[in-house]
Amino acid sequence: MINVTGRTRVFGIFGDPIEHSLSPRMQNAAFKKSGLDALYVPFHVLPQGLAAAVAGLGSLSVGGVNVTLPHKQAILPLLDRVDADARLIGAVNTVVVRDNQLIGYNTDGLGFIHSLKEDLRFDPAGKEVLLFGAGGACRAAVVALLRAGIRGLTLVNRNLDRAAQLVERIAPHFPEQAIRVQGFKDPAFHERLSQADLIVNTTSVGLKGEELSFCPLQKIKTSASIYDMVYSIAETPFVCAAKQRGLAAVDGLGMLAGQGEEAFLLWFGMRPVKGLMKNCLVKLRETNS
Ligand code: NAP
């Protein structure tokens, strides 16, 4: 149990719904292990209450919060400053309260790259990547992959306009790297799939145990790696099917831990104990499965 005193600093997460969030468990475990007099709590914030909740952060001396659905975009204009990459992504998942200023960051992309390296042993530099999706998680991954020096990427999304808008927004900042949009029915899709070194699912398909039916695994080269951002109480069907074909594949649990580690670093100026957040999530999954 955390020994709460008058000096304990409060952190937390804003979301609606919030009951399912695993962040309180992994952040409190990290606070405790690092000997911090700090507590992390879930805040159930409805969309109509977001502005008041954000305005209250400074007055309540809250140290910082994470932000999850549906507030990641709506919070931007409510902050004093937003980090350049979070602005480019168009979403904030971490707020730091410093000198009465609210500063927004997005740690999803860094958490993703961290998990790629730790969990898949995949170094993105110079690689060819294909991503399914074009939503918020995809934008964070695209910016992080381009910053990590990938050679080129292909976006494959159901709604092609949405994918094209993503490219229009981000491509001018990365003129040296190739960014393409492809439809599922486009004949070049299979060719791109077979050339990719890394295939990433950033869609929400798999959350309810659905197969990723639009991804023909037999087209993927055997040396390629698979990253499924979706995570749930068991490994996703996409990860299971990829592993059955002998491909290296992981789900999004490591990314969740990675974005949490980056938020911890922003709040405390130091890293949590290595691997602690991921281990905490794996244990939670084992006890719930
Ligand atoms: P989002 O903005 O709502 O985007 C959802 C994406 O999924 C869109 O590209 C959408 O395509 C696509 N999609 C949904 N249903 C589909 C279907 N039946 N067939 C094909 N495409 C479909 O969501 P998000 O915030 O980016 O999150 C996406 C996923 O990433 C979620 O499962 C979320 O849990 C996960 N995530 C994980 C982490 C982590 O730490 N591991 C962090 C962030 C997000 P259209 O544009 O065509 O509608």
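Author: With terms: helices (H or I, at least four residues) and strands (E, at least two) are DSSP runs, numbered from the N terminus. Two strands pair if DSSP finds at least two bridges between them. The model is predicted, so local features need pLDDT of at least 70 and side-chain atom pairs count only at pLDDT 80 or more, while totals for chains, interfaces and linings use all residues. Residues are numbered from 1 along each chain as its sequence is written, and side-chain values use heavy atoms, with hydrogens and water left out.

Reader: Which residue of strand 2 stands opposite G15?

Author: Strand 1 covers residues 9-15 and runs parallel to strand 2, with 7 bridges joining them. The residue of strand 2 opposite G15 is H44.

Reader: Which strands stand at the edges of the sheet?

Author: The sheet is open and mixed in pairing, with 6 strands in the order 2-1-3-5-6-4. Each edge strand has a single partner strand, so one side of it is left without a neighbour in the sheet; these are strand 2 (38-44) and strand 4 (81-82).

Reader: Which residue is joined to P17 by a cis peptide bond?

Author: P17 lies in the loop between strand 1 and helix 1 (23-33). Omega of the bond is about 5 degrees, and the partner is D16.

Reader: Where is P70 found?

Author: The peptide bond from L69 to P70 is cis, with omega near 5 degrees. P70 belongs to the loop between strand 3 (64-67) and strand 4.

Reader: What is the phi of S61?

Author: S61 is in the loop between helix 2 (50-59) and strand 3. S61 is not a glycine, yet its phi is positive, at about 55 degrees.

Reader: Which elements give two or more residues to the shell around the ligand?

Author: The shell has 21 residues, A137 and R158 being among the closest; a residue is near the ligand if one of its heavy atoms lies within 4 Å of it. The elements are helix 5 (136-147) and helix 9 (253-268).
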